[in-house]
Amino acid sequence: MRHLWAITLLWSGILLAQEAVPVQAIQPVANSLAEQLTVTGTLTARQDANLSSKTAGLVAQVHVDAGNRVAAGDVLLTLDTALAQHDLAQFQAGLALAEVNLQEQQRLVAEAETLTSQQLFPQTELALRKAALRQAEALKRQAAAALAQQQEQVARHQLTAPFAGVVVERYTDVGEYVNLGAPVFRLVALTPLYLDVQLPQEYYPALADLSHIDVISDLYPNNALSATLTADVPVTSGNARSFLARLTVESQLSGLLPGTSARAVFHFQQRERQVLVVPADALLRHADGKFSVFSIADGKAYRRLVTLGRNTTAGVEIVSGLPEGEAVVVRGNENLRDGQAVRLVSVAGGN
């Protein structure tokens, strides 16, 4: 009786295995396709600087705070200029004295030249007066240079914004003494922004066929922004097998902020060669990272180990492993077995 029960179960299993499984399939068609690649990165500012004081001194005024937006040239901080102004006054007086001395030497030379032409003044005395004039001219240039240097020193008591942006951090306050080169603000430009992304190494040659790039910020998922490829670093990461691509994003969106995430969609020009493409639903991933599809031949599904190419707008490129002309299963392939009978519910044509 036990043997009869076992035979009955075995026979039922054979009948069940022979029962056709309903599946949906698609007929792949070789075609020339435009490719696209989507990668994720972080928006960064093109200009992000810790601003330092150009001279040492006591902070007299702080004109901005964290969160303030500034334009290029706006005054951010003023140091106490009392001592510098006193020195400036001395150099101004020194230049005025040099100008008076120069005028007097010019008068003396002119007088000597007139008397010498009348043979009433010795040539040696005229030469001495001309030498004194040249000395006076040099002293004036020296005084003018010293004054210009002190004027620059006074100007350096004001720190101005080198570019437009937002003040992210403020490190000082009124009454504090700052040293030369000490950071006092962090200023970040809001536009344009960079998007740094890592691209798979096999896409490096394809950059020559790049059509355009769309950037979609996670803050504004409904706005596709245009971007340009600013730089690509032709050095791959040994672990990730990828290379860095830097995009410049031009946008007037006020809420597009550095440090937020965004997606870049690379659109490549249409290929001239024909490629075979299947939907992503047809792919089955193995534990070892390989992929296979079930194709249909003579009413049965056969597992085909395939080699994948790039993602395209129509699906995934199949480089090898799929016999030409066989439809691939896109629905109902999860529990199929190699060689199992199938019943087509629908067959769609490929792209």
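Modeller: Leaving aside residues up to four places away in sequence, F266 touches E35, Q36, L37, V39, V197, L199, L210, H212, I213 and L247. This is a predicted model, and the mean pLDDT of the protein chain is 84, with 86% of its residues at 70 or more. F266 is among the residues with the most contacts inside the largest nonpolar core, which has 24 residues, and the others named with it are L195, L199, V215 and A264. The elements that give two or more residues to this core are β3 (36-45), β12 (193-200), β13 (210-217), β14 (224-232), β15 (242-249) and β16 (261-268). Apart from this core lies another one, of 16 residues, which includes L51, V59, V64 and A161.

Turning to the strand pairings, we find an open sheet of 4 strands in the order β4-β11-β9-β6, with antiparallel pairing. Because β4 (48-52) and β6 (69-70) each have a single partner strand, they stand at the edges, and one side of each is left without a neighbour in the sheet. The partner of β4 is strand β11 (residues 183-188), to which β4 is joined in antiparallel fashion by 5 bridges, and within this pairing S52 stands opposite P183.

Strand β5 (residues 57-62) is joined by 2 bridges to strand β10 (residues 177-178), and these two run antiparallel; here L58 stands opposite Y177. A further 3 bridges join β5 to strand β7 (residues 75-79), again antiparallel, and the bridge partner of V62 in β7 is L77.

The side chain of S292 is joined to that of R303 by a polar contact of 2.8 Å, and, not counting residues up to four places away in sequence, S292 touches A282, L283, L284, H286, R303, R304, L305 and V306.

One stretch calls for caution: over residues 1-17 the pLDDT stays under 50, and for these residues the model has 2 contacts beyond four places in sequence. Where pLDDT is low, the predicted coordinates should not be read in detail.

Methods: Residues numbered from 1 in each chain as written. Predicted model: local features only at pLDDT ≥ 70, side-chain atom pairs only at ≥ 80, totals over all residues. Heavy atoms only, no water. Polar contact = N/O pair within 3.5 Å; in protein donor to acceptor, adjacent residues only side chain to side chain. Contact = heavy atoms within 4.5 Å. Pairing = 2+ DSSP bridges. Core = buried A, V, L, I, M, F, W, Y, C linked by side-chain atoms within 4.5 Å. Buried < 20%, exposed > 50% of the residue type's maximum accessible area, 1.4 Å probe, protein only. pLDDT = per-residue confidence, 0-100.
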